[in-house]
Amino acid sequence: MSDKDQKQLGRTLWAIADQLRGAMNADDFRDYMLAFLFLRYLSDNYETAGKKELGSDYPKFAAGDPRVPLAIWYANNPGDVVDFEKQMRRKVHYVIKPDHLWANIANLARNQHGDLLDTLRDGFKYIENESFESTFQGLFSEINLGSEKLGRTHTDKNKKLCEIIGEIANGLNEFSTNVDALGDAYEYLIGQFAAGSGKKAGEFYTPQQISTILSRIVTLDSQAPETGPVKHLGSVFDFACGSGSLLLNVRQQLKKQGGTLGKIHGQEKNITTYNLARMNMLLHGVKDTEFETYHGDTLTNDWDFLRETNPAKMPKFDAIVANPPFSYRWEPKDDMSDDVRFKNHGLAPKSAADFAFLLHGFHYLKDQGVMAIILPHGVLFRGGAEERIRTKLLKDGHIDTVIGLPANLFYSTGIPVCILVLKKCKKPDDVLFINAAEHFDKSKRQNVLTAEHLEKIVATYQFRKEEDRYSKRVSMERIAEEGYNLNISRYISTATAEEEIDLAATHEKLVQIEGAIQTATRKHNAFLEELGLTPLPLETSARGRSKDR
């Protein structure tokens with residue numbers, strides 16, 4: 001499917017969503033829409049693999065038979081079903097029963113079948129608990145098929161679902177069933193719903209342009225970025241992963257560069273967003289054995305996997321990317337000052353958990369790894385506990401690069417933000433500052449970073465280039481003189497020099513203008529005298545020229 005068709009598919013599905021959601025708010029309808037798109041993806045992928053596995057034994061649609069081909073095969077070969085499903089688990093890592101396949105669900109919807117709602121509910125339950133070797137319990141927990149927003153009675157709900165699914169099925173039929181296109185459509189819809197969600201969008205979506213900056217940075221060689229992208233990244237972690245788009249962007253960047261990615265790890269506190277992330281991974285072809293996500297609170301560190309105390313077994317990651325909630329208010333417990341994540345640096349203040357998130361991620365970074373995190377500008381200069389944490393990180397040589405971005409890039413806030421790049425072992429004994437705040441294009445809602453803007457930021461980081469008014473390498477001695485304040489304007493001047501004025505040329509121009517005025521006044525006075533009217537006086541020049549009668 002071409003890029004044009006992919007975008008058109010996204011627009012088609014968005015138009016359907018906009019048309020059908022009725023009394024539902026956008027966030028509620030988002031969950032239904034994305035769940036159905038996810039089911040379509042799983043079904044297409046499964047049927048394609050099933051057709052390949054069965055070969056000539058794969059049935060064709062029979063005239064007058066409403067069943068999907070796999071349902072016909074199951075009915076004709078009951079003794080072979082267990083072996084078939086075992087083989088499918090090995091090849092595609094999951095199983096979907098014929099009745100739960102999208103083709104059957106869509107067929108029930110087109111025929112306004114009364115069993116649609118119950119079939120869909122059974123299908124979701126099976127996928128959560130039995131489809132995959134690893135459980136995806138609660139994957140559809142936010143999809144309330146019994147919601148009164150669908151209708152008051154069971155019949156009304158069933159009818160509404162028939163309408164929604166029928167329209168989605170018709171919209172999808174206009175396009176190729178390429179599974180990659182469905183993943184792109186899913187991302188497009190997440191972005192569109194984010195645009196309509198305002199501040200709530202920050203809970204689940206990082207704009208692709210910003211994701212790309214972080215992804216390209218962490219996929220470069222961590223110790224020698226100038227040598228280019230790595231061929232393999234063993235692991236990547238996002239401790240506030242939202243819908244998983246940032247993690248997927250890292251995977252996509254590696255793939256573009258001819259590299260490979262080992263294991264993806266993500267953590268998310270919001271249950272709805274956590275489910276979006278799990279669907280998003282599967283929709284983009286990431287097998288359930290290739291990623292691990294956890295629903296829990298990052299700040300309290302309640303993921304047992306991360307709480308391993310044996311240094312030999314403690315998880316460490318090659319790359320960490322994150323876009324945590326900005327200046328999040330938190331309540332650190334009394335014993336948190338002894339937490340291994342914070343005890344060497346101190347606790348972030350209750351008013352802003354920005355450094356708590358940063359230190360959490362940094363604790364799990366490998367010695368040769370790289371971390372890129374999006375934070376509000378306040379972390380660069382705020383005092384108190386944040387100043388102490390910032391100073392410690394700087395003195396230990398862990399802050400590699402500070403990138404200032406333009407305002408109004410996010411759906412959730414209009415404030416300008418920065419990207420901090422951190423390393424446990426970095427070679428340059430300085431900090432690179434990049435002031436990209438003035439480099440963007442304006443659009444209707446948000447400011448936009450073009451491909452050229454992104455390339456300039458990444459290339460500046462990669463080759464540690466200096467450019468007047470844009471980037472500068474600053475020594476630790478200079479930063480110490482500034483009290484370990486990282487405010488970009490202290491190191492990169494953005495003031496515009498006043499244009500020099502040629503006083504002699506300006507004087508001559510004014511003399512010429514005054515002469516023209518005098519000439520015009522004489523001409524005008526001649527007309528006035530012909531009419532018998534009083535002529536206008538010829539004024540004395542402010543520069544001392546005498547009257548010219």
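Helices here are DSSP runs of H or I with at least four residues, strands are DSSP runs of E with at least two, and both are numbered from the N terminus. Keep in mind that this is a predicted model: local features need pLDDT of at least 70, side-chain atom pairs count only at pLDDT 80 or more, and totals for chains, interfaces and linings use all residues. Residues are numbered from 1 along each chain as its sequence is written, and side-chain values use heavy atoms, with hydrogens and water left out.

H16 itself has 28 residues and spans 41 Å from its first C-alpha to its last, close to the 40 Å expected at 1.5 Å a residue (the expected span being 1.5 Å times one less than the number of residues). Glu514, Gln518, Thr521, Asn525 and Leu528 of this helix are buried. Buried means under 20% relative accessible area, exposed means over 50%, and partly exposed is in between, using a 1.4 Å probe and protein chains only.

## A greasy patch

Leu510, Ile513 and Ile517 make up a nonpolar patch on the surface, with about 260 Å² of accessible area together. Patch members have over 30% relative accessible area and no salt bridge; like charges are joined within 9 Å, and nonpolar side chains (Val, Leu, Ile, Met, Phe, Trp, Tyr) within 5 Å. The areas come from the Shrake-Rupley method with a 1.4 Å probe, and for residues only the protein chains shown count as cover.

Isoleucine 513 belongs to H16, residues 503-530. This isoleucine counts as partly exposed because its relative accessibility is 42%.

## The cysteines

There are 0 disulfides in the structure, a disulfide being a pair of cysteine sulfur atoms within 2.5 Å. Cysteine 418 is at 0% relative accessibility, so it counts as buried, and cysteine 241, at 6%, counts as buried too.

Cysteine 425 is at 31% and therefore counts as partly exposed. You'll find cysteine 425 in the loop between strand S7 (417-422) and strand S8 (430-435). Setting aside neighbours within four places in sequence, cysteine 425 is in contact with Gln223, Asp367 and Gln368, where contact means heavy atoms within 4.5 Å. Its C-alpha is 9.5 Å from that of aspartate 396, which is 29 residues away along the chain.

## Salt bridges

The count comes to 23 salt bridges, each one a side-chain nitrogen of Lys or Arg within 4 Å of a carboxyl oxygen of Asp or Glu. One of them pairs arginine 40 with aspartate 44, with the closest N and O atoms 2.5 Å apart. The two are about one helical turn apart because they sit 4 residues from each other in helix H2 (residues 26-54). Both arginine 40 and aspartate 44 are buried.

Glutamate 438 bridges to arginine 469, with the closest N and O atoms 3.5 Å apart. That pair links distant parts of the chain, 31 residues apart: glutamate 438 is in the loop between S8 and strand S9 (441-442), and arginine 469 is in the loop between helix H14 (451-463) and strand S11 (471-475). Glutamate 467 pairs with lysine 456, the closest N and O atoms being 2.8 Å apart. Since glutamate 467 is in the loop between H14 and S11 and lysine 456 is in helix H14, this bridge ties together parts 11 residues apart in sequence.
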